[in-house]
Amino acid sequence: MKEFGLAILFSTLAVHVASLTIPYSDLSLQYTGRVLFGPKCAQFDWSGVEIAWSVSGTDAVSVELGASNNTFNVFIDDKLTMILNGTETMESFAIAQLDASQPHNIKITKRTEALFGPVCFASVTLQGPSPAIHPTTNKKTHLKIEYIGDSITCGYGILGKTVDCPFTRDTEDYYETFGAIIARKMNAAFTVAAWSGKGVCRNYGTPNITSPDTMVDLYPRTLGSVDFSSQNAWNYSKFVPDTIIIKLGANDYSTQPNPPDDLFISSFVNFVLKVRQNYVRLNPKQLFVFPCGPTARGPNNILCTNVKKVVQILTSDYQINAFYADIMDILDFPQDFGCGYHPSVTGHQKIATKMLSEFFL
């Protein structure tokens, strides 16, 4: 009789410890950003990609992913609870201990940029008395924003304490950037295609006035760090933005030799026309915004003068809704600067505040 009672007890305990593994393709997992769904996992590498879901009846959550050297923020019910440091191999990472009596929203955001390589996100595993997964209850508005840019858009060095600090994955966090702040303030969906050191026709530090693998070349890729192919071609119909914010050109003019002005202007105009062509039938009223600064300074700055000319050509010759955003000379030294004189968290907050007031609020 005693043995029978113990069997019932252990059986009862077993019922209350269940495990549920959800594959990357489950519709309850909501992705933000450019993602390539393959036979084994969801792959992505651009900055700011998010995966969000909700759970109930769950007291522990883990994810299986191979992350190269990328890092991620983990949010539970809108609170940052951990920073996940990825590895080269596929591993299971415990990301949450929860109160199973309550529902919870979970979100993972990619802190690092595409130069750290692609992520392979395979599954989510839930454990608890009655684990279940649902689409997140945090819904976005209908506003959609696309960001195209370089290191400032990525958040390069944003967490650095001085301008002399070396860049590492630990000093980068897209979530703190002006683009992410704007998206959160507007509760907007967004995508990012940005890479540090990339330009319109010339990348940082290259010996010639043109370079291979500029941002213009990388933009059509679903995975920025993987060569372009039919399998890696981004399907623009998956995300049709209302506003496109393009911050490029700093690397073209960062070191000598600078590209000739007419080459930079014509290359930039042609790139925008290609971007516009991807969406013109799907959203003919798109707004294009071109910030210049804050590392470009002074009223006679060549880069910002030429960006203004690009905007003028787009509006006058092609009737595109294009606007120049002046973000020069709005940061204070040293508190608004991180590694390599890139904007710090407070610097990005100032950029976001100015752009929100001029274009969104």
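What is the volume of the largest pocket? In this predicted model, local features need pLDDT of at least 70 and side-chain atom pairs count only at pLDDT 80 or more, while totals for chains, interfaces and linings use all residues. Residues are numbered from 1 along each chain as its sequence is written, and side-chain values use heavy atoms, with hydrogens and water left out.

The answer is about 850 Å³. Here a pocket is an open set of points on a 1 Å grid over the protein atoms alone, with protein on both sides within 12 Å along at least five of seven lines; a cavity is a set of points where a 1.4 Å probe fits but cannot get out, and lining residues have an atom within 4 Å of a point. Grid points are joined across faces, edges and corners, and a volume is the space filled by probe spheres set on the points. The largest pocket is lined by 36 residues, and those closest to its centre are Tyr 31, Thr 32, Glu 50, Lys 140 and Ala 189. At least two lining residues come from each of β2 (30-32), β5 (50-56), β10 (104-110), α3 (178-186) and β14 (189-194). Helices (H or I, at least four residues) and strands (E, at least two) are DSSP runs, numbered from the N terminus. Strand β10 gives the largest share of this lining, with five residues. By type, the lining of the largest pocket holds 15 nonpolar, 11 polar and 10 charged residues; Ala, Val, Leu, Ile, Met, Phe, Trp, Tyr, Cys and Pro count as nonpolar, Asp, Glu, Lys and Arg as charged, and the others, Gly among them, as polar.

The second largest pocket has a volume of about 410 Å³. Its lining has 22 residues, with Ala 250, Asn 251, Ser 254, Thr 295 and His 342 closest to the centre. Two or more of the lining residues come from each of α2 (151-154) and α6 (302-318). This lining divides into 11 nonpolar residues, 10 polar ones and one charged.

Closed spaces can be looked at next. One cavity of 30 Å³ or more turns up in a search of the whole structure, and the volume of the largest cavity is about 40 Å³. Among its 10 lining residues, Lys 247, Ala 250, Cys 292, Gly 293 and Leu 303 are the closest to its centre. Six residues of this lining are nonpolar, three are polar and one is charged.

What does the fold as a whole look like? Seven helices and 17 strands make up the secondary structure of the protein. The radius of gyration is 23 Å, close to the 21 Å that the globule rule gives for 361 residues, so the protein is as compact as a globular protein of that length. This radius is taken over C-alpha atoms, and the globule rule is 2.2 Å times the number of residues to the power 0.38. Of the 361 residues, 53% are buried, where buried means under 20% relative accessible area, exposed over 50%, and partly exposed in between (1.4 Å probe, protein chains only).

In α7 (residues 345-359) sits His 348, which is buried at a relative accessible area of 0%.

Cis peptide bonds join Gln 256 to Pro 257, with omega about 5 degrees, and Gly 293 to Pro 294, with omega about -10 degrees. Pro 257 lies in the loop between β15 and α5 (261-279), and Pro 294 in the loop between β16 (287-292) and α6. Asp 78, in the loop between β7 (71-76) and β8 (79-85), has a positive phi near 70 degrees and is exposed, with a relative accessible area of 57%. Tyr 341 has a positive phi of about 65 degrees and is partly exposed at 44% relative accessibility.
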